[in-house]
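I opened my notebook today to look around a protein model. Come along and follow my entries.

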Amino acid sequence: QEDSVTFLPDSKPYQRTYAEWTAEWWKWFISIPIGDNPLNDPSGERCALGQNQTGPVWFLVGSGGGKAERECTIPAGRAILMPAINVECSYAEDQSLRTEDDLRACATSDQDLVTETAATLNGSVLQVHRVQSPVFNLTFSVDNVFAAPVGPTKVVSEGFWVFVKPLPPGQYELHAGGLLVDPTVTAPVNLVEDSTYHLTVEETLQSQMNHSSFQ
């Protein structure tokens, strides 16, 4: 079962696998210092930070826990990649992880605790797909959002993702969220992700040029 609006996990949008795109999302996310990071942006005014201005995919962040409602303007012709809920595991953050298999197992065991996910576009249900990234290299900079030790490391991420194909110019409401429950912790619910974006997709000179070059 699929909707016509999202990419499937076994697809290769823009010559990269879905899983590789999730790794690119993390590289983008981690590259933005905590003070500027879109995760800590209640309004959405930072949603263009660090985006590849000519690349085919626009990245959106989740809420980081709790509810977030943001506005974002996106150039036409871009796909949108957004987590409903996700995690990454790295050698830098957990010294007990010794091998790439350890990284994979760490990410999987976390996301196995996700009990529900959901996504909608203008109220219509979108497919949410669980995807694990390949092992990838990442450099944690000073003031990174996780306060992880600075320097290069290897990472695996896993999560539940929404990967929306390019939308025609217009106004949209994109919602994604998830619930992770850890039975070993006393609090009944540990992580609620609930993000709503009020999107404006607009034609720009760049997107018009991109369209014309594909003709």
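This is a predicted model: local features need pLDDT of at least 70, side-chain atom pairs count only at pLDDT 80 or more; totals for chains, interfaces and linings use all residues.

Here are my notes on a pocket, a loop residue and a sheet.

Entry 1: I looked up the largest pocket and found a volume of about 330 Å³. I then checked its lining, which has 21 residues, and Trp26, Asn86, Val87, Phe146 and Glu193 are the closest to the pocket's centre. Of the elements, β3 gives the most, with 6 residues. I also sorted the lining by residue type: 12 are nonpolar, 5 are polar and 4 are charged.

**Entry 2: a loop residue.** I went to Asn144 and found it in the loop between β7 (136–140) and β8 (151–164). Is Asn144 buried or exposed? Asn144 counts as buried because its relative accessibility is 3%, and the cut-off for buried is under 20%. I looked at its side chain too: a polar atom there lies 3.0 Å from the backbone nitrogen of Ala147.

**Entry 3: the sheet.** I traced an open sheet of 5 strands and wrote down the order β2-β10-β9-β4-β5, with mixed pairing. Which strands are at the edges? They are β2 (66–75) and β5 (124–125), and each of them pairs on one side only. I followed β2 to its partner β10: the two run parallel and are joined by 10 bridges.

Conventions. Residues are numbered from 1 along each chain as its sequence is written. Side-chain values use heavy atoms; hydrogens and water are left out. On a 1 Å grid over the protein atoms alone, a cavity is a set of points where a 1.4 Å probe fits but cannot get out, and a pocket is an open set with protein on both sides within 12 Å along at least five of seven lines; lining residues have an atom within 4 Å of a point. Grid points are joined across faces, edges and corners, and a volume is the space filled by probe spheres set on the points. Helices (H or I, at least four residues) and strands (E, at least two) are DSSP runs, numbered from the N terminus. Ala, Val, Leu, Ile, Met, Phe, Trp, Tyr, Cys and Pro count as nonpolar, Asp, Glu, Lys and Arg as charged, and the others, Gly among them, as polar. Buried means under 20% relative accessible area, exposed over 50%, partly exposed in between (1.4 Å probe, protein chains only). A polar contact is a pair of N or O atoms within 3.5 Å; within protein, one must be able to donate a hydrogen and the other to accept it, and residues adjacent in sequence count only if both atoms are side-chain atoms. Two strands pair if DSSP finds at least two bridges between them.
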